[in-house]
Amino acid sequence: MTPQQTGRIVKILIAAVCVLFVGLLAYLTVMFFRNEAALLTQEVTIEAGAAKPDISMYFSEEPRFPKLISSNLNFNEVNTELPQTIRFNIKMYGFNYPCRLIIADTIPPEGQGIAQKIFASEDLPDAASCITGIEDITDVFATWQDVPDMSEGGSFIAKALLTDGCGNET
C-alpha cells in the first residue's frame with residue numbers, strides 16, 4: 001500500500017468517526033429532549049377552592065435544568081375559587097407546550113333540613129326556606145325533589161334537591 005492510499009484510508013476513517021460521533025450526539029440530544037418532554041403533563045385538574053397551583057404540578061419529577069422552564073401564566077393570579085379552564089403555554093428548552101389548568105367543582109353542596117309544621121290546606125313553603133347551613137363554592141339552588149300529597153293530612157317527608165352552579169346535586 002502506498003503512502004497516498006494509507007493517507008486516503010486514514011482520512012476516510014477520520015470522516016467516518018466524525019459522522020458516527022455527530023450521529024451519536026444527535027441521537028443523545030433527541031433522547032434528552034424526548035425524556036424531558038415525557039416529564040410534562042399538559043393538563044392538570046384541581047378542585048375549586050384548592051391551594052394556588054404552580055408549575056411544578058405539571059411535571060412528574062423535576063426537569064434537569066429547571067431554570068430553562070417558564071410559563072406565560074402567572075400562577076399567583078389564578079382564582080381557584082372560580083371553576084374554569086385556563087389555557088397557557090409552558091416553555092421548556094425553547095419549545096412551547098400548550099397546557100390547561102382545569103379548576104373543577106365536583107363536590108356537591110351541603111345543607112340540613114328544617115322540620116316544618118303546616119296545615120294540609122297550606123302550600124309547601126319554598127324549598128330554600130326549609131334548609132339551613134347551605135355550603136358550596138358556587139351558588140346553590142334548592143327545589144323540591146318530590147312533593148307528597150298532603151291533602152289528607154298526616155306526617156310526610158318531602159325531599160329537597162340542592163344543585164350547585166356546576167350541576168352537583170345533594
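Ser-71 has its bridge partner in strand E3, and that partner is Ile-90. The model is predicted, so local features need pLDDT of at least 70 and side-chain atom pairs count only at pLDDT 80 or more, while totals for chains, interfaces and linings use all residues. Residues are numbered from 1 along each chain as its sequence is written, and side-chain values use heavy atoms, leaving out hydrogens and water.

Let us stay with the strands for a moment. Strand E2 (residues 69–71) pairs with E3 in the antiparallel sense over three bridges; strands are DSSP runs of E with at least two residues, helices are runs of H or I with at least four, and both are numbered from the N terminus. Two strands count as paired if DSSP finds at least two bridges between them. E3 also pairs with E4 in the antiparallel sense, over nine bridges. Here Arg-87 stands opposite Arg-100 in E4. The hairpin of E3 and E4 has two residues between the strands, and Tyr-93 takes a positive phi near 55° there.

Next comes the largest nonpolar core, which has 20 residues. Such a core is a set of buried Ala, Val, Leu, Ile, Met, Phe, Trp, Tyr and Cys residues joined through side-chain atoms within 4.5 Å. Buried means under 20% relative accessible area, exposed means over 50%, and partly exposed is in between (1.4 Å probe, protein chains only). Tyr-58, Phe-59, Phe-88, Ile-90 and Leu-101 touch the most other members. Strands E1 (43–47), E3 (84–92) and E4 (95–104) each give two or more residues to this core. Beyond its neighbours within four places in sequence, Phe-88 has contacts (heavy atoms within 4.5 Å) that include Tyr-58, Ser-71, Phe-75 and Leu-101.

How many salt bridges are there? The count comes to one, where a salt bridge is a side-chain nitrogen of Lys or Arg within 4 Å of a carboxyl oxygen of Asp or Glu. The side chains of Glu-43 and Arg-100 form it, at 2.0 Å from N to O. Glu-43 lies in strand E1 and Arg-100 in strand E4, so the pair ties together parts that are 57 residues apart in sequence.

| Residue | Relative accessible area |
|---|---|
| Glu-43 | 37% |
| Arg-100 | 28% |
| Ile-9 | 39% |

Ile-9 has its place in helix H1 (residues 3–37).
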